[in-house]
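Hi,

Here is the model I promised to pass on.

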Amino acid sequence: MIRAARRYAPFALAGLHAVTQYRSTIVLSAITAAAATALQVFLWREVYVGGSAPAGLPFVHLTSYIVLAQILGLLHTNRIDELIAGEVYRGDIAVSLVRPVNYALSCLAVNLPTAAVSAVLAGVPVLAGFSLFASLPVPTAANLALFAVAVLLSVALAFQINFLVGLAAFVTTNTWGIRTIKNALVAFLAGQVIPLALFPADVVTLLRLLPFQGLIDSPLRLLLGGYGDWADAGRILAVQAGWVVLLTGVMSLAWRRSLRKVEVLGG
Amino acid sequence: MSVSTARRYARLTTVLCGVSLHRLTAYRMDFLIGAASFVIRIACQIALISVIFQYVPSLGGWTQQQALFLLGFSLLPRGLDRLFTDQLWILAWQLVRTGDFFRYMIRPVNPFYSLLSERFLYPDGFGELATGIAIVVTAAGAMDLDLTLVQWLLFLPLVLCGALIHTFIKAFLASLSFWMTSSLNVMVAVNQLSEFTAYPLNLYHPVLRGLLTWVLPFAFTAYIPARYLLTGDTGLLLWTLPVTALTVLLGYGTFRLGIRRYEMPGS
Amino acid sequence: MIVAEHVSKHFKRHRREPGLRGSLRTMFSSQYDLVRAVDDVSFEVPAGVKIAYIGANGAGKSTTIKLLTGIMRPTTGQVRVDGLDPHRRRVEVAHRIGVVFGQRSQLWWDLPVLDSFRVLRHIYEVPRAVYDRNMRLFRDRLDLGALGNTPVRQLSLGQRMRAEIAASLLHDPAVLFLDEPTIGLDLVLKQAVRDLINHVNAELGTTVMLTSHDIGDITGICDQALVVDRGAIVHQGTMRELLRSVDTRAVTFEYAAGSVTEAEALQIIAAELPDVRAIPAESGRIRVEYPVERWSARQVIAVLLNRFDLTDVLVPDADLETLLRRIYAGSPAEPVSVGDGA
């Protein structure tokens, strides 16, 4: 474990160094996140005020949900898909394969610290800013603990999804299109655009079986107490964990097939 | 611009579009993915609107069909712009940093044209334009929208002005890369802001509304013309032409200034 | 055809300091380092000449080419190509010049090569007859037809360079600027490119300006040379004059194994040919470098024939390589005829 940490530390450091180089990126992502949050808050407040208040998400939690969904979105933003796609397009992937490290883990090491730092640096001011305008309820310690576990699982899921999307570069050159599709679908199905609880009941049941809800809906449901009893909370975590395991299998399968393609094409 | 120059550029554009279409048939998969990416994103936006109108009969005074019309209309100038100016993203991203911008300086055509011409008719714009038309037609049909003759006559010019505003805001931001080597971040942030105009602008805080009207005049690409077409309310409509002209001047002027200080790196 | 009058190009480089604090400081300060890439350079290249632009890395060769092609503006001074300022009258000049930057592509990355050429034909308004003639030429000389429908980004470097060179010649430019044009080409293709450029020059009187680190390009194409050092011209004249300025030439020979030891051989040469440097070369050969004022190649070879059981003798072309190595190392070769303006 320690040896592994030591081996991947240089990747992580390189990633972190890049963050300090791109302060403007962080500032801009904070602005974009704040603006997107503001848009949604305005939109949904209008709905709550003007019509029949939706039952799935109480009004007190509305602002918390929208702000935190944006911040989780920042935490999940990694450029692994872009990175892999770029390496495949330019043929650099062959070089990366020569390095004596696991490719997927090195991708994770490069991107995780970056995402964490930018989520914190951009997220905290946004959260602080919105708590000035709206009183955000303080979560219980138990919910906070459940949330922490769920966030870890959500980061793993986000990484896996992006990794798989990156591998699509082996199939098509329009990786930008693929990434756009992914970004739209993930934001939608995870509950970032619309809180999942606000969908019609049948749709909610379906969406909560998919891996995407594990990114935002699950952690926030646990944090905001949107679950029944402990068993229900456990079930939420179990669905997340189940997807992590399943996607790990899919990843290694897809990776092996892609490698075969590298051999055929010569990178 | 003399008639012969105009004819020359028109002929060039035809040739370049022909070549692009030829390429589309060669990369059919890319084309489909690109088009699909927009259809999916827009489907998410439509879903958002329908979820909202489950709870409220009207949003900021807009009915569901009117909101859909606004969304659809916003896609028309955006799609038209994207069909011809996608290369601006590449300029913002890396053309200055890598030095590849030089190739627009050695061709005997206007460098701005030369730059854009590299990505005429990229597939993604088609999806946006087609979806936009479909939504506008459907929503207008559902409302029995009856345009006056003047409104009919103004429809295309308004779309064109909107497209020009999109193009030259992008040109301005992309040209910043001549000073910053990469302005992709700024462009991403502004692009995200521009998507707000797909929803009724009167929902937002006046500061945000002012920003989107007078600083980054995206309001003139959707909200203002769509409101005029729906209600006949001219409002700020008369400002469209001066605002468009000013945006074009500012965007193109910045590009020319950037070229003057362009320094091609490396050997 | 090409004129530079007291041309200088200075770049401002933001002074960057390391570390987070350093980079924060640079954000708010405006300290610059001034880089003089080209410093008060004047020269004139007559029409129809094929001139090599020679200098070490960082001597300002590429910058000069970028000034002459209108990509950048000189800080002070004037450049003229065919009588026009290439930056101010960029479009007109662009019609008359062809440019190849060996490290970069000017083709449409996603288009097949032939489509790129069709587009170029319209952009440069190349008449049908000229287009057909040139495409035939490129097919014959560069085997361009073989690249056919492959998109440019999938070409190998060698294939792409062939396409780049053809693209620069498609519109019969009056002046051709080549910056490292044979990078990535194999020997056969290098020769094909040189032949093509010489052919175009002979047929159409195209003026050629070339920078290259490949001596074969310089000797195989150019009849004149322009030597720059630290931004200033140190020599301009015909290739022959440049070569005559070489003060040292070399003969390399190989002798029957076992006849004499290497040490003995070196001693013999030192005794027979004073002022000569004998250096053991690879695989038992010996390289003899002699000053041209003292010895001629004939004299050196006569001594070698006399004293050794020769199995092979190499007398390389006037040793441009030695000359260039000195230029590139920064010490100007002597004697130099300082910019006489030819």
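**Spans and the A–B contact**

Over residues 55–75 of chain A the chain is 81% helix and 0% strand, with the end C-alpha atoms 28 Å apart. Residues 183–201 of chain A come out at 47% helix and 0% strand, and their end C-alpha atoms lie 24 Å apart. Helices (H or I, at least four residues) and strands (E, at least two) are DSSP runs, numbered from the N terminus. Both spans are listed as "transmembrane region" in the unreviewed UniProt entry for chain A, along with 21–43, 108–133, 145–171 and 236–255; such annotations may be inferred rather than shown by experiment.

Some housekeeping: this is a predicted model, where local features need pLDDT of at least 70 and side-chain atom pairs count only at pLDDT 80 or more, while totals for chains, interfaces and linings use all residues. Residues are numbered from 1 along each chain as its sequence is written, chains are lettered from A in the order in which they are written, and side-chain values use heavy atoms, leaving out hydrogens and water.

Now the interface. Chains A and B bury about 2900 Å² between them, 77% of it on carbon and sulfur atoms (accessible area, 1.4 Å probe, lost on being put together, summed over both). Leu39(A), Phe42(A) and Leu43(A) supply 19% of the area that chain A buries against chain B, more than any other three residues. I get 0 salt bridges between the chains (side-chain nitrogen of Lys or Arg within 4 Å of a carboxyl oxygen of Asp or Glu). Helix 2 (23–50) and helix 8 (175–190) of chain A each supply at least two residues of the side that touches chain B, and helix 2 gives the most, with 13 residues.

Cheers

Note on methods
Buried area = accessible area lost by both parts, 1.4 Å probe.
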